[in-house]
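Welcome! Please take a look at the sequence and the model below before reading on.

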Amino acid sequence: MAGGTKDRPANRPPTGADVAREAGVSPSTVSRALNGSGYAAPEVRERVLAAAARIGYVPDANARTLRSRSSRSIGVLISDLRNPFYADLAAGIEQVLRAAGYHMVLVNDDGRAEEEMSAVQAFVAMRVPGVIVTPVSAGAVQSLCRQGVRVVQADRRVSTRYGDAVLGANESGAELVTRHLLGLGHRRIALLIDETKWTTGSGRLAGYRAAHEAAGAPVDERLIAYTTSFDVTAARGALGGLLDAYPEVTAVFAANNVLAQGALEEIQHRRMRIPLRLSLAAYDDVPWMSMVRPAITTVTQHTVEFGRRCAEVLLERLSGGGPERARTIRVEPELLVRGSTGPAAG
């Protein structure tokens, strides 16, 4: 912070009035020049900005929010920032918001409903006009909408009544990868999945089933392994138990990137050669999948672009656009065939 002046002690932060004295203009002119809330001649605006920089003045965003009853901040509520998928989603959101003059306030709720609701209350208190959320509970989405906050549900949808949704085409993506494995001759394809209560898991399970049905290959329900939690250790345990019980499995489809990591670790632990003994395919392309050898066949949702689309939908709502009713936008996936999948063993 700049030092004090004869009119301002060094231990007091500079104010708009200090900027006005420094620039030789009125306080209202300072407000117009710094906040864009009215006309200020270009040369006057430059003089005010230079004066603010000299004395270290930073506008009080909270005070401006209280006056306008709104904010230039957008809440973004993410389930797990340690997961590269969600980090890339947030990066895409931030790119679009920044270009539109908004600031992203990012909160990680660890997939816990109580943390999600705490963040919702904080966003309402901040008077954010909109929130993008990878939702855990319908109550959080409803609470935001009832407070007049525009909501976009990202990646999964928990409410069809409140807020728009930008979702991956999970069923068609899972059908793509399962069809690829069936086309390689696999008929004993294990599905490793953590949940089916959300649109992500339910869609991927449906796609796995649909591909089998289209190929005239019955689904063996015993080869669908549900993990006890969303983590690498649980994935290893679930796949290990399945391979012990059904050694004839020739391919594994992991329904997300975390489960794929656990599956790969378990397969490597058993010294099973990929893809000669066991093919491995996944959902959601993250950096490590192209770095390991063989690289992992996976479905990509182009996650940064996915996040950009979420932000675009929200900004359209904030500008008064879009249909009256809540809508759902689908982001089409793409299958990336790599070295981890090959013809069925034997």
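The report that follows goes through strand pairing, the packing of helices and some backbone details.

## About the model

This is a predicted model, in which local features need pLDDT of at least 70 and side-chain atom pairs count only at pLDDT 80 or more, while totals for chains, interfaces and linings use all residues. Residues are numbered from 1 along each chain as its sequence is written, and side-chain values use heavy atoms, with hydrogens and water left out.

Helices (H or I, at least four residues) and strands (E, at least two) are DSSP runs, numbered from the N terminus. Two strands pair if DSSP finds at least two bridges between them.

## A parallel pair and its crossover

Six bridges join strand E1 (residues 73-78) to strand E2 (residues 103-108) in the parallel sense. Gly75 has Val105 of E2 as its bridge partner. Between E1 and E2 the chain passes through helix H5 (residues 84-99), making a right-handed β-α-β crossover. Right-handed here says that, with the strands pointing away from the viewer, the path from the first strand over the helix to the second runs clockwise.

## The six-stranded sheet

Now to an open sheet with mixed pairing, whose six strands come in the order E7-E6-E8-E9-E10-E12. Strand E7 (224-226) and strand E12 (334-336) are at the edges with a single partner strand each, so one side of each has no neighbour in the sheet. On average, neighbouring strands of this sheet are turned by 20° against each other, direction ignored. Axes are lines fitted to C-alpha atoms, for helices over the stretch in contact, and angles run from 0 to 180 degrees between N-to-C directions.

Two helices deserve a look here. Helix H8 (residues 170-183) packs on the sheet and touches strand E6 (189-193), E8, E9, E10 and E12, where contact means heavy atoms within 4.5 Å. The direction of H8 makes about 170° with that of E9. Helix H9 (residues 199-215) also packs on the sheet, touching E6, E7, E8 and E9, and its direction makes about 170° with that of E6.

## Backbone details to check

Do zoom in on the loop between helix H11 (257-269) and strand E9 (279-283), where Pro275 is found. The peptide bond from Ile274 to Pro275 is cis, with omega near 0°. Arg271 lies in the loop between H11 and E9 too, and its phi is near 55°, positive in a residue other than glycine.

Asp284, in the loop between E9 and H12, is not a glycine either, yet has a positive phi of about 85°. Is Asp284 buried or exposed? With a relative accessible area of 5%, Asp284 is buried, whereas Arg271 counts as exposed at 75% (buried means under 20% relative accessible area, exposed over 50%, partly exposed in between, with a 1.4 Å probe and protein chains only).
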